[in-house]
Amino acid sequence: MGRFIARRLLQAIPVFFGATFIVFTMVYAIPGDPIRALNGERPISASAQQALRDRYNLDDTLLVQYGKYVGGIFRGDFGETFRGRPVAEILKEKFPVTARLALGAFIFEVILGLIAGILAGLRRGSFLDNLVLVSTTVVVAIPVFVLGFVAQLVFGLQLRLLPIAGIQHGWVSYVLPSMVLGSLALVYIARLTRTSLVENLRSDYIRTAEAKGLSRPRVVGRHALRNSLIPVVTYMGVDFGTLMGGAIITEGIFNIPGIGREVFLAIQSQEGAVVVGVVTAGILIFILMNMIVDVLYAVLDPRIRLA
Amino acid sequence: MARRSQGPALLESQMPYSGHVLELRDVAVEFNADYGDVHAVNGVSYTLDRGESLGILGESGSGKTVSALAIMGLIQEPGRITSGEILYKGIDLLKLSARERRSVRGAEIAMVFQDALSALNPVFSVGDQIAEMFRVHRGMSRREAMSEAIKLMERVRIPSARERVHDYPHQFSGGMRQRVMIAMGIALEPDVLIADEPTTALDVTVQAQIMELLKEIQEETRMGLILVTHDLGVVAEVADRVCVMYAGRIVEKGDVTDIYGRPAHPYTERLMHSIPRVERKGERLDPIKGAPPSLLHIPSGCAFHPRCPRARFPVCSDEEPPLREVASERLSACHFAEELLAE
Amino acid sequence: MPDRVPTPGNQPADEEELRPEDAMERAASGGIQAESALATAAALEGGPSEYQASLWKDAWRQLRKKPLFLIASSLLIVFILMALFPGLFTDQDPRACDLANSAGKPQEGHWFGFDIQGCDYFTRVVYGTRVSLIIGLLVIGVDVVIAIILGSIAGYYGGFWDGFIARIADIWFALPTVLGGIVFLNALGERGLLQVSFVLIFLQWPTLTRLMRSSVLSGKEMDYVQAARALGASDWRIMRSHILPNGIAPVIVYGTIAVGIIISAEAALSFLGVGLQLPAISWGLMISAAQNRILIHPHLLLFPALFLSILVLSFIILGDALRDALDPRLR
């Protein structure tokens, strides 16, 4: 098991360098003018331009630039806002809010998704199953931002049930945005669980479990479920990336002062450095999350540990 | 294994039972699919006594596995047992509640499946899966159950049982996995063990070891063994009596040496003849012409008549031959069984 | 007639040439050799063998009967018509706007009302179809081609190429779509159709490639491929006639659903401001413009959102129907 973790760590290293290199080239090397990437369309004086060039090493050769860029990441330097505020500081400050939002979304999508998926899988072909299938298909088709607005309209304004902006109402403020953020993942989890469960219930080892005289709850709850949850867990790793993108949109719509909204505003105010810095940090976390999920996968499925 | 079985109160009162430990009377199983009704088992009857090995011989699609699943109560939608009785120590299992049925399953009548790799849960250790029998049926603690599991693994001759008890199924070889399945089967000292193609997925040498193990266990515990297989060799080695099945029906029943030596049904005869034999080297292989019938459309009259070299019309295509005694202790479902025997 | 049925790796030793009919007959007479015999016959026939061509024919037959498929494809045809010939649906000019009608409600002759500039909203929404469909189909079209090429190479030849392509795909997977889209598009100055498409192609290629690779890998192991190889078929022929027809199925299924995902992603990016820019007509842009006024003028949000959702939904339903039709286990 330890060897597996070590191997995964080793695999993560080229991925880290590769991904950051891609981001780096796409932002600084390929477009004609990297100053625009950092500064947008704002008018900028020659001396300010030169300051930017120095700050981000734009006059160095490509490889050296990249080297300094990665070096900066290791030092925790993710760039600065136009006014000189380090992005790392913004990250640290706004992180807790986004973390709460993400946690809320996670709890919502996992609990509801699993319940829906299990019930649908157990009662395949029933009304409930079809209901789950239809509603998930519809929700998937509706983009997150549309869902966000509709939720605001319906729950906030028409029904006046939940807060729709800001976080001044304490934890209740997070309810609606969390649900919107988690909606897409909810669909995938429900479907994955359902399909996985249906397939596993058909397998030979379930027949063996029944032949052993085990009760139905035990056969399903212990034997089938344990196998069925494996793909769901692996999905969570992938989902984390979508969650980050969704957070930007959700925080923007619901005016939640987290990292996502910082990016949202930075796009509008053309603070390129902030966008790049935050996204880079996001990618790093994503790589880390996937590694954790892989390890979790190996814990759940012993056959993987040898791979 | 010293522990005496503590069967459910229901059967407790029946101990000791003097009749057949298992008896099937005219059991029929049907599957109602969209495309039609599949008659997997059509009026099958046989008995099993303590210490006896019964071979159920047949090709794929003969209904042999389904009849075994019926005994275990594992027939599920869209299949159902449409008629007959399955008597375990005199009690009709089909009349028991689901809960009572479940307490019998595994503890009194156990089943061992083929292809242990897919029949064992890949995410639990083998020790865990064996121990589960004790924890669920006997209420043992985790530690006690595990130590019983180790003892069982030693019993079925898995080397280094103590160290390997926490290993997973995919870490064992095919033969070892099959032993694990057998261990799970005999864990609670059932009175009937059904082995469904226990050796089909294994190499020949391993096959022999597994069959020997089964025989040994049976001799020791005096349990009844039902061997469901298509392998003539396996049946010859282990079984005392044989039921030959075709298209969901039993076509011949009797002592194994008798049947192998002098078959009383054309199907059995053709089966024996199709085996390559050393003394007939150089001859062409002689398979049975045609293919087993689809259980959706079982031929009229005698199900074997389209492929039977001895078929005589119209009697073979119109009348279903009953399973009757054609010689002492030998039953055959053929209109012309006596003729066949006389040859 | 040869005595032994040729099995993979065992060339017919006898002088007589094996004809497809012989192999067929042997297959028909039952026995364990049946499968290889059938496979050999199929390999001898050459071309997309009977064996696989029927997968698509069967699938089409099944699909034709399913109501969901019919509904989804009808909707898609309507959308495609909207994109190609918007004039069929509306006779107005999307850019002919009169501020006097700013944010007017839905009314006679203007079913969707007016947007903030006073342009007929229905017309604008109809014109918006074009951009979404073009981006969706272009991105997935290119990605499918890339996937087929790279996935086949990686899956079929294995070894170094497989490792190389797999590693690169791994790196790409570390870039979540929306995040990557934001950072890349933000850096590009011009953000037209091509740029947005390019970035999305760039971000989505690994998923389809991986899918193609794994289906080529499993297709490679099939008996009929071994049989074809034993008969001397070239790599190219094997790929074209045997592996590709089946292997492509999961890619087509996922690709169809992915078109919906891409359309959704483009709308999200445009909504955020990193996608298409005005004066391009995109549903995402329309929704973005509407966001501050949804209380007073919900129709500004509603109509583009509706079209967007229905278009994406159609692709998803289509993909689902395709998957059910192509899955042999569900027959």
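A: Two residues are in contact when their C-beta atoms, placed from the backbone, lie within 7 Å. The model is predicted, so that local features need pLDDT of at least 70 and side-chain atom pairs count only at pLDDT 80 or more, while totals for chains, interfaces and linings use all residues. Residues are numbered from 1 along each chain as its sequence is written, and chains are lettered from A and ligands numbered from 1 in the order in which they are written.

In chain C, of the contacts with a separation of 6 or more, 67% join residues 24 or more positions apart. Chain C has twelve helices and zero strands; helices (H or I, at least four residues) and strands (E, at least two) are DSSP runs numbered from the N terminus.

Of the 331 residues in chain C, 47% are buried. A residue is buried if 20 or more other C-beta atoms, placed from the backbone, lie within 10 Å of its own. Helix H11 of chain C, residues 283–290, is mostly covered, with seven of its eight residues buried. Those seven are C:Trp283, C:Gly284, C:Leu285, C:Met286, C:Ile287, C:Ser288 and C:Ala290.

Towards chain A, 37 residues of chain C are in contact with 41 residues of chain A. Among the elements of chain A that give two or more residues to this side are helix H1 (2–29) and helix H12 (272–300). The side of chain A that touches chain C holds 30 nonpolar, nine polar and two charged residues. Here Ala, Val, Leu, Ile, Met, Phe, Trp, Tyr, Cys and Pro count as nonpolar, Asp, Glu, Lys and Arg as charged, and the others, Gly among them, as polar.

Note on methods. Buried ≥ 20, exposed ≤ 12 C-beta atoms within 10 Å, placed from the backbone.
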